[in-house]
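Please view the sequence and the structure together while reading.

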Amino acid sequence: MDKLHQLFLKRHSIRRYSDTPVEADHVRLILQAALLAPSSKSKRPWQFVVVENKDTLDRLAACKDFGTKPVSTAAFAVVVAADSSLSDCFVEDASIAAVFMQLQAEELGLGSCWIQVRNRCAADGTPAEDIVRDTLSIPENLTVECIITVGHKDEERRPVDPEKLLWEKVHIEQWKPQE
């Protein structure tokens, strides 16, 4: 258990990656982590599109007007989408799978970053989902939740200091307003 807790303390969003490619076995483990993620009623409404092509990554990075630079520089990215007709918890299911990928990447010594797509827009107001969907030929019935970027870290972040955790956000038995 201590290893998992240390992983939680160590994991940060990484936005700068080196040019070193990620081993195919590591890509497979990251995708396997997503496929192992729990989902409501085991519906598994998620779908994943793996992108390594730099031109495609650059096009995906244009889906929003800011916050997408890691897409262009990542060794690869995984677009996480889900079918809302399969589960009313499709957003949660897709999110859990995305986080499983991020935790697996960290355990492998790789960096990752969540790039939100759903409910975001490009600078011209075009929904980010439409840009991603068009770029990757994703069917209309799937909601694009996010893009998870992965690569070898080109920045170091300090582990989270447990002394700085916001325990005031935790309430026992019932809500207690802060004073």
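How many of the 18 residues of H5 are buried? Thirteen would be written here as 13 of 18, so H5 is mostly covered; buried means under 20% relative accessible area, exposed over 50%, and partly exposed in between, with a 1.4 Å probe and protein chains only. The model is predicted: local features need pLDDT of at least 70 and side-chain atom pairs count only at pLDDT 80 or more, while totals for chains, interfaces and linings use all residues. Residues are numbered from 1 along each chain as its sequence is written, and side-chain values use heavy atoms, with hydrogens and water left out.

**Helix H5 and its end**

Helices (H or I, at least four residues) and strands (E, at least two) are DSSP runs, numbered from the N terminus. The expected span of a helix is 1.5 Å times one less than its number of residues. For the 18 residues of H5 this gives 26 Å, which agrees with the 26 Å between its end C-alpha atoms. Just after H5, Gly-109 has a positive phi of about 85°.

His-26 belongs to helix H2 (residues 24–36) and counts as buried, at 18% relative accessibility. Residues up to four places away in sequence aside, His-26 touches Leu-108 and Leu-110, where contact means heavy atoms within 4.5 Å.

**Salt bridges**

Side chains of opposite charge can pair when their charged atoms come close. A salt bridge is defined here as a side-chain nitrogen of Lys or Arg within 4 Å of a carboxyl oxygen of Asp or Glu. The structure holds five salt bridges, including those in the table.

| Glu-106 | Lys-153 | 2.9 Å |

Glu-106 forms a salt bridge with Lys-153. This pair links distant parts of the chain, 47 residues apart: Glu-106 is in helix H5 (residues 90–107) and Lys-153 in the segment after E4. Glu-106 is buried, at 2% relative accessible area, whereas Lys-153 is partly exposed, at 24%. Together with Lys-10, Glu-106 and Lys-153 are linked in a network of salt bridges.

Asp-130 and Arg-133 both lie in helix H6, three residues apart, about one turn of the helix. Asp-130 is partly exposed, with a relative accessible area of 31%, and Arg-133 is buried, with 7%.

**Leu-57 and its contacts**

Leu-57 lies in helix H3 (residues 54–61) and is buried, with a relative accessible area of 0%. Beyond its neighbours within four places in sequence, Leu-57 is in contact with Val-51, Glu-52, Val-71, Ser-72, Ala-74, Ala-75 and Ala-77. Leu-57 and Ala-77 are 20 residues apart in sequence, and their C-alpha atoms are 7.5 Å apart in space.

**Aromatic pair**

Rings of Phe, Tyr and Trp (its six-membered ring) pair if their centres lie within 6.5 Å; planes under 30 degrees apart count as stacked, over 60 as edge-to-face and the rest as tilted. By this rule the count is one aromatic pair. The rings of Trp-46 and Phe-48 have centres 5.4 Å apart and planes at 35°, so the pair is tilted. Trp-46 is buried, at 6% relative accessible area, and Phe-48 is partly exposed, at 21%.

**Positive phi in loops**

Most residues other than glycine have a negative phi. Ser-42, however, has a positive phi near 50°; Ser-42 lies in the loop between H2 and strand E1 (46–51) and is partly exposed, with a relative accessible area of 46%. Asn-119 has a positive phi near 70°. Asn-119 is found in the loop between E3 and H6 and counts as exposed, at 60% relative accessibility.

**Nonpolar surface patch**

Which residues make the nonpolar surface patch of about 490 Å²? Val-160, Leu-165, Trp-167, Val-170 and Ile-172 make this patch. Patches are made of residues with over 30% relative accessible area and no salt bridge; like charges are joined within 9 Å, and nonpolar side chains (Val, Leu, Ile, Met, Phe, Trp, Tyr) within 5 Å. Accessible areas come from the Shrake-Rupley method with a 1.4 Å probe, and for residues only the protein chains shown count as cover. Trp-167 is found in the segment after strand E4 (142–151) and is exposed, with a relative accessible area of 60%.
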